[in-house]
Amino acid sequence: MASRKLTFSNVVLCLGLLFLYLPMFILVLYSFNASKLVTVWAGFSGKWYIELFADDQLMSAVWMSLRIAFFSSCMAVILGTMAAFVMTRFHRFRGKPLFSGMITAPLVMPDVITGLSLLLLFVAMSQLIGWPAERGMLTIWIAHVTFSSAYVAVVVSSRLREVDTSIEEAAMDLGATPFKTFFLITIPVIAPAIAAGWLLAFTLSLDDLVIASFVSGPGSTTLPMVVFSSVRLGVSPKINALATLFVLVVSFAAFIAWWLARRAEARRRSPLRTEEEVNWTSHLSNQP
Amino acid sequence: MKCLLRMLPKGRTLVISVPFLWLLLFFFVPFIIVLKISFSEAEVAIPPYSEIFQFADDTLRILLNLGNYVFLSEDELYWSAYLSSVKIAFISSLICLCIGYPMAYAMARANQRTQTILLLLILLPSWTSFLIRVYAWIGILKNNGLINNLLMWLGLIDSPLPMLNTNFAVYVGIVYTYLPFMVLPLYANLIKLDHSFLEAASDLGCKPWKVFFEVTLPLSRNGIIAGSMLVFIPVVGEFVIPELLGGPESLMIGKVLWQEFFNNRDWPIAAALAIVMLAILSIPIAYFNHHQAKEMEG
């Protein structure tokens, strides 16, 4: 197999992966360091984890971030799936260029611009109609829904494009309404993409510092904001402990995804395979 | 049934209008407001800017204050911040492309099972916190950090090399965090490559490197464009990386905008900075939108 040979590209791939993982490995290692100095090893210790959980400000920020991430990814999945459906199925309608521009631009728009523009919108709206009365969880939720729906739309549309539309047509020929067809035929077929989009939206929301800093108000401090202010003051082993937990959770999720993909592949190899299962597997491995 | 059929266009309109209105209100309209506020004057008030539309005595006065833009163009600092942001973004996209292309190429040629694992390995870092990954480099690059300690222990240097708070650290941080954004679209593109083209070329006596430059590379053009735009455009407005890893020399416009807004509380100047940044990025963004929309429609 090509992957075993020592070609230039394989060497770069290995070095690239090393570059991506070495800093994370060092973070994890030093989270167990007894010394406060991040670069001096003074024996194994779990005290930073205890301090992490004892930090009330950090823990309440974690809770706030998780809630925002959960609710914004749920809404982003609904909006993003609708947008993906519009992009892939409705080829001509008034405002299509504007629509496609608005759904793709958030993917690349610098965070400072998105954050500033949303904040100015919220300020103008509260002056004009009195809503939102104050900035906080709701405004962060709106901001996160807006940019993560674009990502969901990309993930879902790449799946929608591959769906065999003849099944949908058959359902409609047999008298199913478009809504019924969508919920009974299309949704189950694109379910893995919707799940992938939800997870992506969740991690994007959990990760956002800049936009949340602009649109948040007093009393709504998210986890990245707390981490950022503590990192600005200097390196703290508590952050290493937090990073380790992050890596642990994400690795676990990645392992599950890998296991599901493998199981789907095993099923694909069995003689009783369906077209759909083949698509599911290729979806999991082709997802950009 | 007839009743349901009459519902059909309504359903279509509904499906289009929900995301359309959301994006219009929370993505498009905000830019118009930014444009409006960039023409206002900073004031000590809540909110801290002057109103540009005034309606009194049956006359509507529109006061367009161009002062913010004049101020931006007269100050050397803003010019150099824009220039260095574009330069840093361009160079780091190029570095990402040079590292990311071989990585994506090797991934696309691996067998199916290895591909799934490699893909997860590329995705996994981007699922962990971006801030924490940037933070990791502080510990590695600082004066008593890992690299300097290692080099001094090896006896290669006597005094620590200043790496943190330099442009070098900014490049490392940008390449590190944006590399997956380059690899993924390239991989998605290279995996679709029809191998019969490559075989045909080599059967006709084409040397391997020539096959690569004349067949593979041109065919992966869309992947290169998507990947480069996904790195270049957000990096121009990057704030976190120059703030945490860069020093006073690494002037980037995202950092300047943040300071104008949060430290100086000058909202109109921040708005004008954002408008100029958007103007600079409008061509790359339009280019990206065009490609991405084609990709999504299939």
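The model is predicted. Chain A contains 12 helices and 0 strands, and its contact with chain B takes 80 residues from chain A and 88 residues from chain B.

**Chain A as a whole**

- Read from the N terminus, the elements of chain A follow the order α-α-α-α-α-α-α-α-α-α-α-α.
- Along the principal axes, the C-alpha atoms of chain A fill a box of roughly 70 × 65 × 35 Å.
- Chain A has 288 residues, and 45% of them count as buried.
- Among contacts in chain A with a separation of 6 or more, 73% come from residues 24 or more positions apart.

**Confidence in chain A**

- The mean pLDDT of chain A is 85, with 90% of its residues at 70 or more.
- Within chain A, helix H9 (residues 210-215) has the highest confidence, at 95, while helix H12 (residues 275-286) has the lowest, at a mean of 47.
- Over residues 272-288 of chain A, pLDDT stays under 50. For these residues the model has 34 contacts beyond four places in sequence.
- Where pLDDT is low, predicted coordinates should not be read in detail.

**Contact between chains A and B**

- Chain A supplies 80 residues to the contact and chain B supplies 88 residues.
- On the side of chain A that touches chain B, helix H1 (residues 8-30) of chain A gives the most, with 14 residues.
- The residues on that side of chain A divide into 59 nonpolar, 18 polar and 3 charged.

**Leu121(A)**

- Leu121(A) belongs to helix H5 (residues 111-128) of chain A.
- Leu121(A) counts as buried because 23 other C-beta atoms lie within 10 Å, and the cut-off for a buried residue is 20 or more.
- Apart from its neighbours within four places in sequence, Leu121(A) is in contact with Val29(B), Pro30(B) and Ile33(B).
- Lys36(A) is 85 residues from Leu121(A) along the chain, and the C-alpha atoms of the two are separated by 44 Å.

**Annotated transmembrane regions**

- In chain A, the unreviewed UniProt entry gives the annotation "transmembrane region" to residues 12-32, 68-87, 108-129, 141-160, 181-201 and 239-261.
- Residues 68-87 of chain A are 100% helix and 0% strand, and the end C-alpha atoms of this span lie 27 Å apart.
- Residues 108-129 of chain A are 82% helix and 0% strand, with end C-alpha atoms 31 Å apart.
- In chain B, the unreviewed UniProt entry gives the annotation "transmembrane region" to residues 20-39, 79-105, 117-138, 168-188, 224-247 and 267-288.
- Residues 20-39 of chain B are 95% helix and 0% strand, and the end C-alpha atoms lie 28 Å apart.
- Residues 267-288 of chain B are 100% helix and 0% strand, and the end C-alpha atoms lie 29 Å apart.

**A hairpin in chain B**

- Strand S1 (residues 53-56) and strand S2 (residues 59-62) of chain B run antiparallel and are joined by 4 bridges.
- Gln54(B) stands opposite Arg61(B) in S2(B).
- S1(B) and S2(B) form a hairpin with 2 residues between them.
- Asp57(B), in the turn of this hairpin, has a positive phi of about 50 degrees.

Methods. Residues numbered from 1 in each chain as written. Chains lettered and ligands numbered in written order. Predicted model: local features only at pLDDT ≥ 70, side-chain atom pairs only at ≥ 80, totals over all residues. Contact = placed C-beta atoms within 7 Å. Nonpolar A, V, L, I, M, F, W, Y, C, P; charged D, E, K, R; others polar. UniProt positions renumbered as here; feature names shortened; annotations may be inferred. Buried ≥ 20, exposed ≤ 12 C-beta atoms within 10 Å, placed from the backbone. Pairing = 2+ DSSP bridges. pLDDT = per-residue confidence, 0-100.
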